[in-house]
Amino acid sequence: MRSLVFAANWKMNLGPIEAREYLRAFFAAGEIPHERSVWFFPPAVSIEAVSQGVSGHRNVMVGAQDIHWEPKGAFTGATSGPLAAQAGARLTLIGHSERRHVFGETDEQTGQKMSAALAADLKPVLCVGETLGQREAGETMSVIIRQLEAALVGRDGMGRVTIAYEPVWAIGTGRNATPKDAAEVHEAIRTWLQEHVPAVARFLILYGGSVHLKNAAELLAEPELDGVLVGGASLDPRAWAQLVRTAVA
């Protein structure tokens, strides 16, 4: 079987007490299959609790949902890469669509965060994707290439980067790209990466956008998809355990 990644972005949900209860319920279903990896992205206040809760379980890593580009300083409310790592994070999301479109994060700032993540020895998961208007205008790949260039070109350590394609129009809307649509964009991203970041043999590329139990297996049947980045459907520990164990490609 193919190795697959199942990444759970809890967004602004599940504090430390709830996170510990969640993990007890999740692991009650048994260990994660050898060919699957599970990445948890809890809110910053729960990183340490989740890191402690997954200790001793194979194929599990914990990440931050966002980091600041400076390692320390007067940035009230922000979490730096070193602080996230000290709490137990081994990964971080970079440029999630909500950071870009809700908080106004620029491509330049995404690039700065990429450098900061690598400097803090965190594995970056770079999120790229287009809005509905951009998709309908035929701008999907031009938007994604702009985002990739800003974050990747001219930086070292690219072998540690994972890409997550998350069409903005499919996040939390109940709509999602068809497996064919997702595979076509993944293939185009992979082609661009091979041409512009040739030092890396193969990037992992995840799909995110209204993934749930009913469509995960169909999406993952596409060999271009190396896994999924899931929001709302990852908040129920038993449903998430089922998705991780039954979505067979």
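This is a predicted model: local features need pLDDT of at least 70, side-chain atom pairs count only at pLDDT 80 or more; totals for chains, interfaces and linings use all residues.

Modeller: The side chains of Asp66 and Lys113 form a salt bridge with an N to O distance of 2.8 Å, the term standing for a side-chain nitrogen of Lys or Arg within 4 Å of a carboxyl oxygen of Asp or Glu. Asp66 sits in the loop between β3 (60-64) and α3 (81-87), while Lys113 belongs to helix α5 (residues 107-119), so this pair ties together parts that are 47 residues apart in sequence.

Residues are numbered from 1 along each chain as its sequence is written, and side-chain values use heavy atoms, with hydrogens and water left out.

Both Asp66 and Lys113 are buried, a word that means under 20% relative accessible area, with exposed meaning over 50% and partly exposed the range in between (1.4 Å probe, protein chains only). Lys113 also meets Glu105, side chain to side chain, in a salt bridge of 2.5 Å, N to O. Lys113 counts as buried because its relative accessibility is 4%, and Glu105 counts as buried because its value is 10%. Through shared partners, salt bridges join Asp66, Arg99, Glu105 and Lys113 into one network. In general, side chains of opposite charge can pair when their charged atoms come close.

The structure holds 13 salt bridges, and one of them links the side chains of Glu98 and Lys11 at 2.7 Å, N to O. Glu98 lies in helix α4 (residues 97-101) and Lys11 in the loop between β1 (4-9) and α1, so the two tie together parts 87 residues apart in sequence. Glu98, at 28% relative accessibility, counts as partly exposed, and Lys11 likewise counts as partly exposed, at 22%.

Lys11 has a further neighbour in Gly231, which touches Asn9 and Lys11 when residues up to four places away in sequence are not counted; contact here means heavy atoms within 4.5 Å. Gly231 is placed in the loop between β8 (227-230) and α10 (237-246), and with a relative accessible area of 18% Gly231 is buried.

The loop that holds Lys11 runs between β1 and α1, and helix α1 (residues 16-27) itself packs with helix α2 (residues 47-54), their axes coming within 9 Å and crossing at roughly 25°. That angle makes α1 roughly parallel to α2, given that angles under 35 degrees count as roughly parallel, over 145 as roughly antiparallel, 65 to 115 as roughly perpendicular and the rest as oblique. The axes are lines fitted to C-alpha atoms, for helices over the stretch in contact, and the angles run from 0 to 180 degrees between N-to-C directions. On the α1 side Pro16, Ala19, Arg20, Leu23 and Phe27 meet Ala49, Val50, Gln52, Gly53 and Val54 of α2. The residues of this contact divide into seven nonpolar, two polar and one charged, where Ala, Val, Leu, Ile, Met, Phe, Trp, Tyr, Cys and Pro count as nonpolar, Asp, Glu, Lys and Arg as charged, and the others, Gly among them, as polar.

Conventions. Helices (H or I, at least four residues) and strands (E, at least two) are DSSP runs, numbered from the N terminus.
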